[in-house]
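Dear colleague,

My notes on what was found in it follow below.

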Amino acid sequence: EVVLAAVKQKGGALQYVSWSSELRADREVVLAAVQQSGDALEHASRELRADREVVLAAVKQKGGALQYVSWSSELRADREVVLAAVQQSGDALEHASRELRADREVVLAA
């Protein structure tokens, strides 16, 4: 409860949670953190960095959070996720899949 309250106030507080802690894999905690600060995605578990809802919330808050999604993840090729990211920050286009970096609508949104 203390960590959840902290990340609701300052999403970046997730970085201070031990890597061995299950809190970095707690969906409720991470979702609250990324909604407050998209960059908190960097400190989430690998599984949650591949969770569509968590990633979408992060990139809506800060488009550049797309960089924390694994290159092997299909989320970098997910049109809705990438559009949300580039609409928030055009620079996020650099972290999209090759196909979406060549997509007219995505490029124009950036």
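Asp103 and Arg79 meet through their side chains in a salt bridge, with 2.7 Å from N to O (a salt bridge being a side-chain nitrogen of Lys or Arg within 4 Å of a carboxyl oxygen of Asp or Glu). This pair links distant parts of the chain, since Asp103 sits in the loop between helix 5 (98–101) and helix 6 (104–109) and Arg79 in helix 4, 24 residues apart. Helices here are DSSP runs of H or I with at least four residues, numbered from the N terminus. Asp103 counts as buried because its relative accessibility is 19%, while Arg79, at 32%, counts as partly exposed; buried means under 20% relative accessible area, exposed over 50%, and partly exposed in between, with a 1.4 Å probe and protein chains only.

Please keep in mind that this is a predicted model, in which local features need pLDDT of at least 70 and side-chain atom pairs count only at pLDDT 80 or more, whereas totals for chains, interfaces and linings use all residues. Residues are numbered from 1 along each chain as its sequence is written, and side-chain values use heavy atoms, with hydrogens and water left out.

Arg52 counts as partly exposed at 34% relative accessibility, and Glu80 counts as partly exposed at 43%.

Elsewhere, Asp51 forms a salt bridge with Arg27, the closest N and O atoms being 3.0 Å apart. Asp51 lies in the loop between helix 2 (27–36) and helix 3 (52–61) and Arg27 in helix 2, so the pair ties together parts that are 24 residues apart in sequence. Asp51 counts as buried at 18% relative accessibility, whereas Arg27 counts as partly exposed at 34%. Arg27, Asp51 and Glu53 are linked in a network of salt bridges, and a search of the whole structure finds 7 salt bridges.

Definitions and conventions. Helix = DSSP H or I, 4+ residues; strand = E, 2+ residues; numbered from the N terminus.
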